[in-house]
Amino acid sequence: MSTPMNSKVILEAEGIVKVLGAAPNEVKVLKGIDLQLHTGELTLLMGPSGSGKTTLLSILGCILSPTEGKLTLSGFKTHNMNTEELANLRRKHVGFVFQSYNLVPTLTAVENVMLALDLRDLNGPDAYDQAAEALEAVGLGHRINAMPSKMSGGEKQRVSIARALAGSPSVILADEPTAALDAKNGMAVMELLAKVAQDTRRAVLAVTHDHRTLQYADRIITIDDGRIAGSDRPKLSGKEVQVPAH
Ligand SMILES: Nc1ncnc2c1ncn2[C@@H]1O[C@H](COP(=O)(O)OP(=O)(O)OP(=O)(O)O)[C@@H](O)[C@H]1O
């Protein structure tokens with residue numbers, strides 16, 4: 001199947017197996033996943049509850065190591081990396097967006113974004129400018145000094161997208177980014193992620209149960225019982241995508 005021009009593989013997972021839990025109650029949560037993320041694309045990861053989506057996202061984002069299999073991120077092969085090397089790779093190349101925003105409640109919007117830059121060793125006036133720029137890019141230039149408690153859910157999620165964008169990671173991983181939002185704010189956040197994904201240096205992968213988000217996808221991957229059950233490019237194929245029920 002064809003991919004957009006100028007697009008390249010920025011993340012590649014091969015034969016990913018993940019066993020969780022301790023013997024004798026071990027569970028093979030991922031059973032051999034092959035997956036590629038391309039720059040300039042928004043990929044949605046869908047599948048029933050318990051199918052392994054969050055576990056897979058954690059492995060792709062170098063939070064968890066696979067039991068078996070290989071991961072290459074931005075050209076770096078991770079399978080021989082120690083914990084510190086993996087954390088450095090994650091800080092530099094991956095931005096996360098969570099369902100519950102995960103903002104620090106005592107910090108303003110711009111300070112929340114600056115915190116992410118500080119983790120990437122960028123601080124001082126340059127960090128402030130870069131954080132303000134990231135907030136501007138998500139339409140929150142007028143809210144940079146707002147506290148999370150004074151923001152709507154949609155605004156908080158946009159701050160968390162700005163935080164993920166700061167430092168220009170090559171991959172943004174979002175776990176149910178619209179789940180806590182009403183329909184209007186949820187679609188606005190999805191539209192923003194689709195726009196963020198148009199940058200040809202970056203790929204975005206979002207786990208979602210929300211069928212209304214399908215319209216924004218360049219690619220939809222479905223997972224069922226720890227295995228890839230399907231992959232489609234709806235904008236190119238024009239096919240209706242069958243997604244397993246939640
Ligand atoms: N620490 C653990 N030990 C054992 N099993 C686990 C552990 N963590 C998760 N699991 C199991 O792994 C499976 C996959 O979990 P995961 O959270 O990745 O699924 P998911 O597709 O993201 O689900 P949901 O849509 O409900 O968030 C589930 O059956 C879960 O019960």
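User: Which residue of β9 stands opposite Met46, and what makes β3 and β9 paired strands?

Analyst: Met46 stands opposite Thr222 in β9. Two strands pair if DSSP finds at least two bridges between them; β3 and β9 are joined by four bridges and run parallel, so they count as paired. Strands (E, at least two residues) and helices (H or I, at least four) are DSSP runs, numbered from the N terminus. The model is a predicted one, in which local features need pLDDT of at least 70 and side-chain atom pairs count only at pLDDT 80 or more, while totals for chains, interfaces and linings use all residues. Residue numbers start from 1 along each chain as its sequence is written.

User: Why is β9 called largely enclosed?

Analyst: A residue is buried if 20 or more other C-beta atoms lie within 10 Å of its own, exposed if 12 or fewer, and partly exposed in between, with C-beta atoms placed from the backbone. Five of the six residues of β9 (residues 219–224) are buried, so the strand is largely enclosed by the rest of the structure.

User: What does β9 pair with through five bridges?

Analyst: That partner is β10, which runs antiparallel to β9. Asp224 stands opposite Arg227 in β10. The hairpin of β9 and β10 has two residues between the strands, and Asp225 takes a positive phi near 50° there.

User: Which strands stand at the edges of the six-stranded sheet, and why?

Analyst: The open sheet has the order β6-β7-β8-β3-β9-β10, with mixed pairing. β6 (94–98) and β10 (227–232) each have a single partner strand, so one side of each is left without a neighbour in the sheet. Neighbouring strands are turned by 20° against each other on average, direction ignored; axes are lines fitted to C-alpha atoms, for helices over the stretch in contact, and angles run from 0 to 180 degrees between N-to-C directions. Within this sheet, β3 (residues 42–46) and β8 (residues 203–207) run parallel and are joined by four bridges, with Thr43 opposite Leu205.

User: How do you know that Leu193 belongs among the residues with the most contacts inside the largest nonpolar core?

Analyst: Such a core is a set of buried Ala, Val, Leu, Ile, Met, Phe, Trp, Tyr and Cys residues joined through C-beta atoms within 7 Å. The largest one has 63 residues, and Leu193 is listed with Val113, Leu135, Ala162 and Val204 as having the most contacts inside it. Leaving aside neighbours within four places in sequence, Leu193 is in contact (C-beta atoms, placed from the backbone, within 7 Å) with Leu42, Ile161, Ala174, Pro177, Val204 and Ala206.

User: What makes a residue part of the shell around the ligand, and which element supplies the largest share?

Analyst: The criterion is a C-beta atom, placed from the backbone, within 6 Å of the molecule. Residues around the ligand include Leu20, Gly21, Val27, Lys53 and Thr54. The largest share, three residues, comes from α1; β2 (27–38) and α1 (53–60) each supply at least two.

User: How do the residues of that shell divide into nonpolar, polar and charged?

Analyst: Three are nonpolar, eight polar and one charged. Ala, Val, Leu, Ile, Met, Phe, Trp, Tyr, Cys and Pro count as nonpolar, Asp, Glu, Lys and Arg as charged, and the others, Gly among them, as polar.

User: Why is α1 described as mostly covered?

Analyst: Six of the eight residues of α1 are buried, among them Lys53, Thr55 and Leu56. Just after α1, Cys62 takes a positive phi of about 60°.

Notes
Contact = placed C-beta atoms within 7 Å.
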